[in-house]
Amino acid sequence: MNVFRHIIALTALFAATSPMNAQLSLEVKDSVAGSDTYNPELGYFQKAHSDIGDPRFMITDKDGTFTIGIGGTVHASTFYDFDGAINSSSAKFNIYKLFPDTDNAKQFGLDAVNSELHVKAKTQIGKHSIIAYIQMSANDDEVIKLSKAYVSFDGLTIGRVYSFFMDLEAGPRTVDMTGPCSQINSTQPLVGFTLPLNKHLTLAASAEKPEIKAFTYENYGIVPDYQSVPDFVVKAHYRWNTGHVQLAGLWRRCSWWNTGSRQTPTTVTQGETETVDGYGMTLSGNLRPCKKLELSAQGYIGKGISKYVNAMSDLQCDLIPSDWNPSTGMANSMKTPLVKGGYVSAGYHWTNKLSSYIVAGYSHLDLNTHDLTFSHSSNGVRFKSALYAAANLFYDINDFCKVGIEGNYGTKTEYDTTVDGISNGWENTAHASRITGTFIYQF
């Protein structure tokens, strides 16, 4: 209940700062998901397929220069795992366990953890708009968290929002809220600027939170360090009447610290911070060749960008030990491993209310034999690849209510560490399959 009190207090605060002549009005907005992937007043591609629309009930002043509203979505889902049971309402095929006793496990689930609440305020100053947005949602642990909180003004965006490295407009529509294993997906604090050059071409750049998910090699004196340089993203987005294409690049500096342990190889400067660069590139887009057919795709490649990829965002593989010394069994340094992958999606609109989508994606982490030497550690990296497939059907009851059903299939492959004489008793590959039904209502 504390969350609701906070939202009510925020609304009261915004309303208190608005002009005195306020009135209550009712505005009917677009449908819940995917109806407005590009918001020209923000100049930022800020909505994903799973995002909720603008609040239906708005408070606005007499002159229409200040508007505030509270909105949200009830998102209830039920699912059944036929095998490879996953302890998550979202089909995170990259993190499910590979123990033999869970590979064929069956599971029924029912929850509403993807439900959301938000407050949106807009102030009009002449021809300029200032937009403030706060969104809260639940996670799989049924804990309310801050999903987004940002302010946008004339193309400048400050706060917690989707990474500029993403392409939300090319995101496939799935019942599974996580999306394909190969989708670039990250929400984090950033400062970004978007510059529309004309009605077709938009350029954008951002400085984003430099969180590094790294292998901890503490026994040998190598641990992740505080990051002193933000992640930098630049992108170009070109649109036309029937689609768009986007090219984005990312550069990051990953820091790690040598603790000076007696076991640390002498080739590393003890007690000092070391750095290695990471980089990535994505190419994505969508196309509507006819009114009923919708196509989208994304491909990515890079080093040290695992945290941005669905399949590897929960793994410690932005930075891993390297330059293994077989005589000492120790690593001399750290490196950013290569990752690559992509997805394709096709959607068909049978009627104005009935639509269906199919999605296929693949992600890969490139490790060599020396990298695998460290996989005996409890936090070692074994992940090799993930495969994702989904097929669904959506029915829009009205602009604010919809239902959907989806089938998911995924595999996860781990490197066989027995080649290094380490036997952990795990299978090398496992799979999971699930069917999910969802009910979405926006208010």
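1. A word on burial to start: a residue is called buried when its relative accessible area is under 20%. By that cut-off Cys254 is buried, because its relative accessibility is 0%. Please keep in mind as you read on that this is a predicted model.

2. Cys181 can be read in the same way: its relative accessible area is 6%, so Cys181 is buried too. As for bonds between cysteines, a disulfide is a covalent link joining the sulfur atoms of two cysteines. A search through the whole structure turns up zero disulfides.

3. Now to the inside. In soluble globular proteins, nonpolar side chains tend to be buried together. Here the largest nonpolar core has 32 residues, and the members touching the most others are Phe165, Ile184, Tyr300, Ile305, Met312 and Leu365. At least two residues of this core come from each of strand S8 (156-162), S13, strand S19 (354-366) and strand S20 (383-398). S20 makes the largest contribution, with four residues.

4. Setting aside neighbours within four places in sequence, Ile305 is in contact with Phe165, Leu250, Arg252, Tyr279, Gly280, Tyr300, Asp318 and Val339.

5. Which residues form a nonpolar patch on the surface? They are Tyr238, Trp240, Val245, Leu247, Met281, Leu283, Leu287, Leu295 and Ile301, and together they have about 760 Å² of accessible area. Two or more patch residues come from each of strand S12 (231-240), strand S13 (243-258), strand S14 (273-287) and strand S15 (293-303). S14 gives the most, with three residues.

6. Leu283 and Val245 are 38 residues apart along the chain, yet their C-alpha atoms are separated by 7.5 Å. Not counting residues up to four places away in sequence, Leu283 touches Val245, Gln246, Leu247, Ala297, Gln298 and Gly299.

7. One last stop is Asp154, which sits in the loop between strand S7 (144-153) and S8. Its phi is near 50°, a positive value in a residue other than glycine. Is Asp154 buried or partly exposed? Asp154 counts as partly exposed, because its relative accessibility is 39%, and the partly exposed class lies between the 20% limit for buried and the 50% limit for exposed.

Technical notes
Residues are numbered from 1 along each chain as its sequence is written. This is a predicted model: local features need pLDDT of at least 70, side-chain atom pairs count only at pLDDT 80 or more; totals for chains, interfaces and linings use all residues. Side-chain values use heavy atoms; hydrogens and water are left out. A disulfide is a pair of cysteine sulfur atoms within 2.5 Å. Buried means under 20% relative accessible area, exposed over 50%, partly exposed in between (1.4 Å probe, protein chains only). Patches are made of residues with over 30% relative accessible area and no salt bridge: like charges are joined within 9 Å, nonpolar side chains (Val, Leu, Ile, Met, Phe, Trp, Tyr) within 5 Å. Accessible areas come from the Shrake-Rupley method with a 1.4 Å probe; for residues, only the protein chains shown count as cover. A salt bridge is a side-chain nitrogen of Lys or Arg within 4 Å of a carboxyl oxygen of Asp or Glu. A nonpolar core is a set of buried Ala, Val, Leu, Ile, Met, Phe, Trp, Tyr and Cys residues joined through side-chain atoms within 4.5 Å. Contact means heavy atoms within 4.5 Å.
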